[in-house]
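Biologist: Could you take me through this model, setting each label against the rule that gives it?

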Amino acid sequence: MMRIDPVRLTNQSKLISDYRSNNKDIKDFFDYLPFDGFEERVNDLYKQSFQRTELADVLYQINKEWSAPASTLENINRLKESNSVVVVGGQQAGLLTGPLYTINKVISIIQLSKQQEEELNIPVIPVFWIAGEDHDFDEINHIYLRNSNEMKKWKVSQQNEQKSSVSHIEMDKEEVKNWLNRIFIELQETAYTKELHEVTEACLSQSNTYTEFFARLIFRLFDEYGLVLVDSAHPLIRNLESSFFLQMIENQQKITNEVRSTLKRLGEKSYTVPLDVEENAANLFYHKGQERILLMRDENGDWVGKQQEVKFTTEEIIQIAKDHPEQLSNNVVTRPLMQELIFPTLAFIGGPGEISYWAGLKTAFHTLGVKMPPVVPRLSFTFLDSTTNKGLEKYKITVDEAINEGLNEFKEEWIKSKSNPPIEDLAADLKKAIEKAHAPLRKVASDIRSDIRDLSEKNLTYLMRDVEFLEKRMNKAVEEKYAKELNDLKGIQLALRPAGLQERIWNPLPLINQYGVAFVHQTIHAPCSFMEDHYVVHI
């Protein structure tokens, strides 16, 4: 029987810690409280107007192209209802869904939608925003798999020379298929492996881009929950955004100034925000052919590429927004604004990094005449298998300790305890004794001649090196004696905190291969409080 236990994270940033606790210093940077204010938000949304029918028609076409399940198409239709709202969150289109936090974010969107639909008694639709306009292909072109007691990076060799948006990169299907086959060779054969491989290959064969491959896999994983997907780079979405691009162009300088001012205030309160906005930032990209070019404003007010690749007057950029909105895309500042203008957003689900930079955007939303939606920290999970759990019990390590601190320090203390007295202490004592005994010899040598003094110093260095050599060899022998136990501890570390939280490194594929998709559905059906820092899911 699966069990889910809350865990308090001890290494959160000051901003996230204060945000979760409703600290007054950070509250001023948001329009709503993170875990409340949904009724107020609904009332505020009813004062806005949205292109509901046009949006629903576009979403229907996009999701239908990706073989969306009936539950998704039904939810898209519900979006036309005047009282419907959405819970939205997003991520790049990672290979095989990317790191576990992508799955955790989808679970969060679905859970909050269900909770608020019951609370508010209105249609609340889960929406996942695929950041297909992003062009950092190196962030999504790989996954990590466990290889013995280390994580090995498995990377697709296809290149993205022109910095195209991920949704515009035509996938080298033969290369990705070969990559996928190599991945499955690495997996242990289970009752789920054959079907998992077939489903994954089927999704790949039906896809032409990495975004489409991602979307089809997400629908296979979450087919019964009505999850609606949107590709931010899709031309049909761009057409809907035309008038909103015009607003952003008209208010560009004010948006930039407001965000820079807010970032300064955040810094004065000692909050670290992963957002840097230059004084001449235009906050938009221009697409020249397949290349995505960041725009700036020059001293004449023209819109220019950061490397002078293009140049437009304000009149020309306005005309592009009207006639060819597919040639524009948002940056980190304007993407949240565009999301808000398109969707009747009840809440935005964000990870720690997203919440941190959203803290700088409140006044940018106000510049366009809207409020920032409630920003809800996504649910964070560590999946704990029975083998790892037995290891924790064997070495008397708490789950909280393993997740928050890792086992490096524990491992060092554990191996030290296997020699009594500790080898390090014995070696240190010996060095002190040698230095004390050697001191009179060095003094006499110094009185004789300078070259004899230098020789005595070198002699002491040799003696110390011999002690250090013996110390290392003794430590190595102890490690060899307890190699199995050290491998156990490495395995626990790798499972729970490989390089930070599990969800940032692990891909869900090995877990689905071992347990099927049941653990994903069970996690969705176990309602979790968004007020908790983290959860451990015993599978």
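**Salt bridges and burial**

Modeller: The side chains of Asp 18 and Lys 14 meet in a salt bridge, with N and O 3.3 Å apart. The model is a predicted one, in which local features need pLDDT of at least 70 and side-chain atom pairs count only at pLDDT 80 or more, while totals for chains, interfaces and linings use all residues. Residues are numbered from 1 along each chain as its sequence is written, and side-chain values use heavy atoms, with hydrogens and water left out.

Biologist: Why is the contact of Asp 18 and Lys 14 called a salt bridge?

Modeller: The term asks for a side-chain nitrogen of Lys or Arg within 4 Å of a carboxyl oxygen of Asp or Glu, and the N to O distance for Asp 18 and Lys 14 is 3.3 Å, so the pair qualifies. Both residues lie in helix α1 (residues 14-20), four residues apart, about one turn of the helix; helices are DSSP runs of H or I, at least four residues, numbered from the N terminus.

Biologist: What makes Asp 18 buried or exposed?

Modeller: Buried means under 20% relative accessible area, exposed over 50%, and partly exposed in between (1.4 Å probe, protein chains only). Asp 18 has 11% relative accessibility and therefore counts as buried, whereas Lys 14, at 40%, counts as partly exposed.

Biologist: Which parts of the chain does the salt bridge of Lys 362 and Asp 31 link?

Modeller: The side chains of Lys 362 and Asp 31 meet in a salt bridge at 4.0 Å, N to O. This pair links distant parts of the chain, with Lys 362 in helix α16 (residues 362-367) and Asp 31 in the loop between α2 (24-27) and α3 (38-45), 331 residues apart. Lys 362 counts as buried because its relative accessibility is 18%.

Biologist: How do you know that Lys 484 and Asp 488 are separated by about one helical turn?

Modeller: They are four residues apart in helix α22 (residues 483-496), which means a separation of about one helical turn. Lys 484 forms a salt bridge with Asp 488, the closest N and O atoms being 3.4 Å apart. Lys 484 counts as exposed at 54% relative accessibility, while Asp 488, with a relative accessible area of 24%, is partly exposed.

Biologist: Why does Ser 456 count as buried?

Modeller: Ser 456, found in helix α21 (residues 450-481), has a relative accessible area of 8% and is therefore buried. Leaving aside neighbours within four places in sequence, Ser 456 is in contact (heavy atoms within 4.5 Å) with His 438, Arg 442 and Ala 445.

Terms used: Helix = DSSP H or I, 4+ residues; strand = E, 2+ residues; numbered from the N terminus.
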